[in-house]
Amino acid sequence: MMVRESLSHPAVLEILQELIRTPSVNPSISPDEAHGEEPIAKVAQNWLTANGVNSWLEEAAVGRPNVVAEVGGGKGPTLVFCAHLDTVGTKGMTIPPFEPRVVGNRVYGRGSYDMKGSAAAILSAATALGHDDFSGRVLVALVADEEYASIGAQDFVKHHLADACVLTEPSEGRLILGHKGFVWAEIVTTGHAAHGSRWDLGVSAIAKMGRIICALEDFDQVELRSRVHPLVGSASLHCSLIKGGSGLSTYAEECRLKVERRTLPGELPHRVIQEIQEVIRSTGEGAKVYCLLDRPPLDCDRESKIATCLREAASSATGETPEEGGVGYWMDAALFHAAGIPTVNYGPGGAGAHEAVEWVDLDSVVSCARVLAETARRFCNS
């Protein structure tokens with residue numbers, strides 16, 4: 001494939017359709033579909049090899065590979081382009097999930113927007129860069145499991161060093177410099193089981209939890225909503241899942257509540273847990289609090305080299321300076337940033353992530369590919 005053709009609409013559409021056509025539902029969230037990333041990883045790796053790009057598979061877990069590729073080998077800086085290959089499930093979809101239908105400028109299918117359009121842009125940019133002579137190198141990271149536990153991105157940063165990263169989650173052509181993190185926590189209250197008629201003996205763990213829930217709701221509305229970051233907005237907490245009791249005529253011996261706390265840049269998981277404990281103490285109730293999972297926020301300096309190069313590349317490739325901002329949801333970008341790799345996000349447009357109808361804008365995918373290629377030239381040659 002000629003370099004000028006690799007960034008053309010037909011060439012980008014070809015690989016995008018091939019990616020959509022290959023199911024890659026994350027088995028951890030939809031085990032009944034259980035496609036996994038191995039088939040699509042092989043498609044991407046074979047496509048890179050066929051287009052002269054050095055590439056290989058690295059298993060983040062058994063049957064859960066990342067696709068890694070390298071372009072250039074100079075002594076200049078190393079830049080990573082990252083997208084995830086897994087998707088959510090297809091239940092409830094009202095379009096054929098794996099038949100990449102093109103209507104006007106829209107390409108439909110599960111994962112088209114989140115985020116196989118981005119993966120197609122990366123593959124196309126890597127092919128174009130393979131014909132360039134530049135002093136640094138570009139690493140492609142098409143990772144597994146972003147939709148669940150991000151084992152792919154975590155594995156990649158353990159084994160690869162880089163000077164910067166561009167994550168490519170859909171951003172409608174905006175330069176994303178920050179996003180929220182999160183903490184998942186479980187709160188456990190304990191009561192005393194007794195027959196429903198024995199109010200003198202029974203203590204309901206559910207009643208205890210009810211008072212805690214009310215306090216957490218107040219904490220969210222009064223305290224957390226007043227904490228505002230200029231890029232990503234306010235902090236928040238919500239009660240997500242609750243389970244308690246053993247029977248209608250029995251005082252509940254135990255109640256378990258799972259909460260999600262969305263964190264701002266600068267907020268730390270241990271302090272989040274401390275604050276939840278403080279709220280519980282304010283109710284006069286006792287409970288145990290466990291941290292189940294935490295992921296850091298992202299806050300990239302807009303004057304960093306990678307932000308500057310991407311801003312200039314987008315302006316050159318599209319004729320417009322990209323809008324800058326942040327988002328409330330979490331991305332793998334934070335894992336790269338936490339590993340000491342300055343990271344921004346820039347991706348295509350579309351709609352329908354995790355929804356019944358999903359599509360990506362083909363023009364924006366092609367534009368993204370061209371911006372990525374130009375970003376690499378500027379960053380790696382600087």
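Reply: This is a predicted model. E172 sits in the loop between β7 (164-167) and β8 (175-179), and has a positive phi of about 60° although it is not a glycine.

Me: Why is E172 called partly exposed?

Reply: The relative accessible area of E172 is 45%. Buried means under 20% and exposed means over 50%, with partly exposed in between, so E172 is partly exposed.

Me: What makes S150 buried?

Reply: Its relative accessible area is 1%. The cut-off for buried is under 20%, therefore S150 counts as buried. S150 is found in the loop between β6 (137-143) and α5 (151-159). S150 is not a glycine, yet its phi is positive, at about 60°.

Me: How do you know that α3 is roughly parallel to α4?

Reply: Helix α3 (residues 38-50) packs against helix α4 (residues 112-129) at an angle of about 20°, and their axes are 10 Å apart. Angles under 35 degrees count as roughly parallel, so α3 is roughly parallel to α4. Their crossing is right-handed.

Me: Which peptide bond is cis?

Reply: The bond from D114 to M115 is cis, with omega near -5°. M115 is in helix α4.

Me: Why does W184 count as partly exposed?

Reply: W184 has 34% relative accessibility. W184 belongs to strand β9 (residues 181-190). Together with Y290 and L292, W184 forms a nonpolar surface patch with about 280 Å² of accessible area.

How values were computed:
Residues are numbered from 1 along each chain as its sequence is written. This is a predicted model: local features need pLDDT of at least 70, side-chain atom pairs count only at pLDDT 80 or more; totals for chains, interfaces and linings use all residues. Side-chain values use heavy atoms; hydrogens and water are left out. Patches are made of residues with over 30% relative accessible area and no salt bridge: like charges are joined within 9 Å, nonpolar side chains (Val, Leu, Ile, Met, Phe, Trp, Tyr) within 5 Å. Accessible areas come from the Shrake-Rupley method with a 1.4 Å probe; for residues, only the protein chains shown count as cover. A salt bridge is a side-chain nitrogen of Lys or Arg within 4 Å of a carboxyl oxygen of Asp or Glu. Helices (H or I, at least four residues) and strands (E, at least two) are DSSP runs, numbered from the N terminus. Buried means under 20% relative accessible area, exposed over 50%, partly exposed in between (1.4 Å probe, protein chains only). Axes are lines fitted to C-alpha atoms, for helices over the stretch in contact, and angles run from 0 to 180 degrees between N-to-C directions. Angles under 35 degrees count as roughly parallel, over 145 as roughly antiparallel, 65 to 115 as roughly perpendicular and the rest as oblique. A crossing is left-handed if the near helix is turned anticlockwise from the far one by less than a right angle, and right-handed if clockwise.
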